[in-house]
Amino acid sequence: MGQAFLAAFVEDFADEWLTKVMFECRFHTAEDSHFGAAWQGWQGYPELHKTTGISEDMLELSLDAFAERQRKRRGRVVGSPWEVVVFTLRRVCAILKESIRAGHPFLFGSRPTIADFGVYGQLSQLAKDRTVCSVVQEYPEAWGWVWKMDDLSGYEAPVDDPSVPQESPKAVLELLRLASKTYIPFLLENARAVHEGKSVVEVEILDGRFTHSQPSFKYQATYCLPQLRKQYAALTGDDLKYVNTTLLQAGCYNAFASGSACVPSSKL
């Protein structure tokens, strides 16, 4: 159960924070935005044309409108400056690089988990987009990992070891350390803002070097944080000890520990 919780934690970080990285990179410039809208639109055009009769000109107009709409939504979805976005992407790629060079095909070792699929879901888009793919390509280990994850057909996963490990894989620990400086401060402050009825979240991230600011988001306050805390509360014995050791090392312990200064999930 301990590894399952940590895998869920990494997946949540990827799905809720790395998606901000993906969104900003896809719509960062007008050129990026047009390409991000266009390749997705033209991908489905043949079928759409057959079923709706939409013309090429109409599709182009709708793609332009979609691209402009998404660029305007960046402040609402992303909330962090470009420097944070690029730093986060490079850090994730560097973590994967080191893990792969150490002989680990997946984040938790020899078997993919929801943590891998969560990170893959965002990197697979970043590896496709116009400008940012060049950043991912600076890390060929991470680039290769993306396409390995893209097709795992025929992969024979080893039998699970039922014992509780003594420590977390370094890649998992480093991803959680990154989360502790980015996603966790936002997640907790967002929960507080929703609880207090505030419409905007502003919180310092990356050790106070940057300010993250966006409209408060109820889903992350009423589902993401409570679900993680629920999973954590179910841990006992060696699993709890293992997870607590990891959370303390990563700087995330206070987000889950009883009696912390965080907003209790029961009040959300």
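Where does Asp-129 lie? Asp-129 is placed in the loop between α7 (114-126) and α8 (133-136), where helices (H or I, at least four residues) and strands (E, at least two) are DSSP runs numbered from the N terminus. The model is predicted, so that local features need pLDDT of at least 70 and side-chain atom pairs count only at pLDDT 80 or more, while totals for chains, interfaces and linings use all residues. Residues are numbered from 1 along each chain as its sequence is written, and side-chain values use heavy atoms, with hydrogens and water left out.

Asp-129 counts as buried because its relative accessibility is 2%; buried means under 20% relative accessible area, exposed over 50%, and partly exposed in between (1.4 Å probe, protein chains only). The side chains of Asp-129 and Arg-26 are joined by a polar contact of 2.9 Å. A polar contact is a pair of N or O atoms within 3.5 Å; within protein, one must be able to donate a hydrogen and the other to accept it, and residues adjacent in sequence count only if both atoms are side-chain atoms. With neighbours within four places in sequence left aside, Asp-129 is in contact (heavy atoms within 4.5 Å) with Arg-26, Phe-35 and Trp-39.

Strand β2 (residues 210-215) contains Phe-210, and His-212 is also placed in strand β2. His-212 counts as buried because its relative accessibility is 0%. A polar contact of 2.8 Å links the side chains of His-212 and Gln-214. Beyond four places in sequence, the contacts of His-212 include Trp-17, Lys-20, Phe-186 and Val-201. Phe-210 is buried, with a relative accessible area of 18%, and its contacts beyond four places in sequence include Pro-81, Val-84 and Ile-205. The C-alpha atoms of Phe-210 and Glu-98 are separated by 26 Å, the two residues being 112 residues apart along the chain.

The largest nonpolar core has 71 residues, and Phe-5 and Leu-107 have the most contacts inside it. A nonpolar core is a set of buried Ala, Val, Leu, Ile, Met, Phe, Trp, Tyr and Cys residues joined through side-chain atoms within 4.5 Å. Helix α1 (residues 2-26) gives the most to this core, with 13 residues. Apart from this core lies another, of 7 residues, among them Tyr-45, Ile-54, Leu-59 and Leu-63. Beyond four places in sequence, the contacts of Phe-5 include Leu-228, Tyr-232, Val-243 and Phe-256.

Tyr-219 is located in helix α12 (residues 218-233) and counts as partly exposed because its relative accessibility is 37%.
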